[in-house]
Amino acid sequence: MSLNPLTGDPWTGDQAIRETVWTHALKRAGVRYRRPYQTRHTFGSMMVSAGEPLAWVSRQMGHTSVITSTRIYARWIPATNSQAGMLADRLYRVT
């Protein structure tokens, strides 16, 4: 069970957490308010953008399939090879 660090009492729900610890942490970080759940997507997109393997991100997010992760995070998958596809273009170019 998680305890309120200020009182030592058990949290009575997410509202109490948001009104104390969460809001204070966001202010100290200089981040505009967002619901705690929104940080889940932030984490996923940042990990994919950083080049972490999609299968690993998928497991971290609890997705049942990498396909789910791909659908959600495809726009953040970095292009690791700027030459990708050029060989195929040269091989199959009709002249």
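## Ground rules

The model is predicted, so local features need pLDDT of at least 70 and side-chain atom pairs count only at pLDDT 80 or more, while totals for chains, interfaces and linings use all residues. Residues are numbered from 1 along each chain as its sequence is written, and side-chain values use heavy atoms, with hydrogens and water left out.

## The whole chain

The chain has five helices and zero strands. Its pattern along the sequence is α-α-α-α-α. Here a helix is a DSSP run of H or I with at least four residues, a strand is a run of E with at least two, and numbering starts at the N terminus.

The chain has 95 residues, and 15% of them count as buried. Buried means under 20% relative accessible area, exposed means over 50%, and partly exposed lies in between (1.4 Å probe, protein chains only). The chain exposes about 7,600 Å². Carbon and sulfur atoms supply 57% of that area. Accessible areas come from the Shrake-Rupley method with a 1.4 Å probe; for residues, only the protein chains shown count as cover.

Contact means heavy atoms within 4.5 Å. Take the contacts in the chain between residues at least 6 apart in sequence: 23% of these join residues at least 24 apart.

## Helix 2 meets helix 3

Helix 2 covers residues 38-49, and helix 3 covers residues 54-61. Their axes come within 10 Å and cross at roughly 165 degrees. Axes are lines fitted to C-alpha atoms, for helices over the stretch in contact, and angles run from 0 to 180 degrees between N-to-C directions. Helix 2 and helix 3 are therefore roughly antiparallel to each other. The cut-offs are under 35 degrees for roughly parallel, over 145 for roughly antiparallel, 65 to 115 for roughly perpendicular, and oblique for the rest.

Helix 2 brings Arg40, Phe43, Gly44, Met47 and Val48 to the contact, and helix 3 brings Leu54, Trp56, Val57, Gln60 and Met61. By class, that gives seven nonpolar, two polar and one charged residues. Ala, Val, Leu, Ile, Met, Phe, Trp, Tyr, Cys and Pro count as nonpolar; Asp, Glu, Lys and Arg count as charged; the others, Gly among them, count as polar.

## Helix 3 meets helix 4

Helix 4 covers residues 66-73. Helix 3 and helix 4 pack at about 100 degrees, with their axes 9 Å apart. That makes helix 3 roughly perpendicular to helix 4. Leu54, Ala55, Ser58 and Met61 of helix 3 meet Val66, Ser69, Thr70 and Tyr73 of helix 4. This contact has five nonpolar, three polar and no charged residues.

| Residue | Relative accessible area | Touches |
|---|---|---|
| Serine 45 | 10% | Tyr73 and Trp76 |
| Glutamate 52 | 35% | Met47 and Val57 |
| Tryptophan 56 | 27% | Phe43 and Met47 |

Serine 45 is in helix 2, and it is buried.

Glutamate 52 lies in the loop between helix 2 and helix 3. It counts as partly exposed. Glutamate 52 and isoleucine 77 are 25 residues apart in sequence and 9.1 Å apart in space, C-alpha to C-alpha.

Tryptophan 56 lies in helix 3 and counts as partly exposed. Tryptophan 56 and valine 66 are ten residues apart in sequence, and their C-alpha atoms are 9.0 Å apart in space.
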